[in-house]
Amino acid sequence: MPPSAPAPHRTSTRPGLTVALHLDGRRAVVVGAGHVGVRRALQLAEVGADVTLVSPEVWPRSSIDELLSQGITWFAREYEPADVEGATIVVAATGRSDVDAAVLRDAAAAGAMANHVADATAGDFSLVATTDLGHIQVSVSTAGRTPALTRWIRDRLAAELSDGYPALVELFAEVREELRAAGRPTRHRGWEDALSGGVLDQVRAGDVEGARVQLRRHLELA
Ligand SMILES: C[C@@]1(CC(=O)O)c2cc3[nH]c(cc4nc(cc5[nH]c(cc(n2)[C@H]1CCC(=O)O)[C@@](C)(CC(=O)O)[C@@H]5CCC(=O)O)C(CC(=O)O)=C4CCC(=O)O)c(CCC(=O)O)c3CC(=O)O
Ligand SMILES: NC(=O)C1=CN([C@@H]2O[C@H](COP(=O)(O)OP(=O)(O)OC[C@H]3O[C@@H](n4cnc5c(N)ncnc54)[C@H](O)[C@@H]3O)[C@@H](O)[C@H]2O)C=CC1
């Protein structure tokens with residue numbers, strides 16, 4: 001292959017391992033600031049990463065204020081290989097295959113994990129659709145095959161789970177602490193028995209105390 005046509009970084013069609021990355025204070029570099037690059041920069045800033053955006057233009061222009069207010073640094077110029085130095089996470093979002101391939105190659109050389117927003121089979125990770133319902137985080141992926149369906153499935157699951165499950169997480173977590181404080185193992189069939197026995201319906205009906213009584217009984221705490 002001639003040097004002017006950089007080789008693709010890698011090709012993987014495996015679904016990949018879904019994780020929750022803790023990026024507080026980590027350097028993240030997003031290259032390209034169209035609506036996808038802007039979204040990635042904001043997603044990374046939201047989880048506490050130290051985000052630098054490299055792009056001659058930002059689109060839409062109206063997002064500049066939000067980017068700056070989130071502490072994101074914008075370099076209004078074209079990408080240079082040194083931009084990825086010291087990065088933990090790199091995002092290639094220029095829509096220009098030659099530039100995106102160079103960004104991925106440089107990220108690999110710098111030991112950073114890279115995301116290619118236009119190709120789920122390139123780079124080290126892809127984004128999943130997520131929703132945060134209190135302490136329940138739901139992540140959906142179709143491994144890049146149909147983002148529109150990914151988003152729709154996420155919205156349906158979120159609507160279903162928003163009814164009762166956040167309160168159930170709080171209740172179960174509290175009772176789990178009670179088991180621990182009593183020096184008891186937390187592995188117990190009572191969790192499933194309580195769920196089959198209707199604790200979700202009780203919480204949905206507003207009877208959290210009734211659900212607590214039932215759960216504690218199934219776990220032999222009462
Ligand atoms: C590989 C990946 C990128 C990555 O890994 O970074 C990727 C790639 C591409 N997306 C495209 C299009 C669309 N993407 C969305 C939306 C989202 N896309 C997201 C993830 C991913 N998209 C990764 C795989 C995820 C998976 O497994 O499905 C979500 C879930 C998360 C996020 O990006 O934040 C976010 C929902 C955000 C939310 O609601 O929370 C919509 C719908 C909409 O915007 O309403 C459309 C139009 C409808 C359609 O195409 O289905 C195109 C074609 C572009 C073109 O042709 O111009 C490509 C490239 C290609 O396929 O070639
Ligand atoms: N992941 C997803 O959800 C989606 C991904 N896509 C894909 O994402 C890519 C980007 O889409 P958009 O944001 O709509 O593109 P866009 O064309 O609006 O934005 C690209 C940005 O990259 C910048 N850029 C161009 N050359 C550059 C260089 N050498 N150095 C630094 N920055 C440079 C441009 O100034 C522009 O701001 C496309 O390949 C598209 O197929 C599109 C829609 C959704």
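Select Ala-33 and ligand 2: a backbone N or O atom of Ala-33 lies 3.4 Å from an oxygen atom of ligand 2, a polar contact here being a pair of N or O atoms within 3.5 Å. The model is predicted, with local features needing pLDDT of at least 70 and side-chain atom pairs pLDDT 80 or more, while totals for chains, interfaces and linings use all residues. Residues are numbered from 1 along each chain as written, chains are lettered from A and ligands numbered from 1 in the order written, and side-chain values use heavy atoms, without hydrogens and water.

Next, pick Gly-34, where a backbone N or O atom is 3.4 Å from an oxygen atom of ligand 2. In Arg-39, a side-chain N or O atom comes to 2.8 Å from an oxygen atom of ligand 2. Taken alone, ligand 2 exposes 870 Å², and the protein buries 68% of that (Shrake-Rupley method, 1.4 Å probe).

Now show the 21 residues around ligand 2, meaning those with a heavy atom within 4 Å. Helix 1 (residues 35-46) gives the largest share of this shell, four residues; helices are DSSP runs of H or I, at least four residues.

Move to ligand 1. A polar side-chain atom of Arg-39 lies 2.7 Å from an oxygen atom of ligand 1. Select Ser-141 as well: an N or O atom of its side chain is 3.3 Å from an oxygen atom of ligand 1. Alone, ligand 1 exposes 1100 Å², of which the protein buries 63%.

Finally, color helix 4 (147-162). Helix 4 gives the most to the shell around ligand 1, with five residues.

Key: A polar contact is a pair of N or O atoms within 3.5 Å; within protein, one must be able to donate a hydrogen and the other to accept it, and residues adjacent in sequence count only if both atoms are side-chain atoms. Helices (H or I, at least four residues) and strands (E, at least two) are DSSP runs, numbered from the N terminus.
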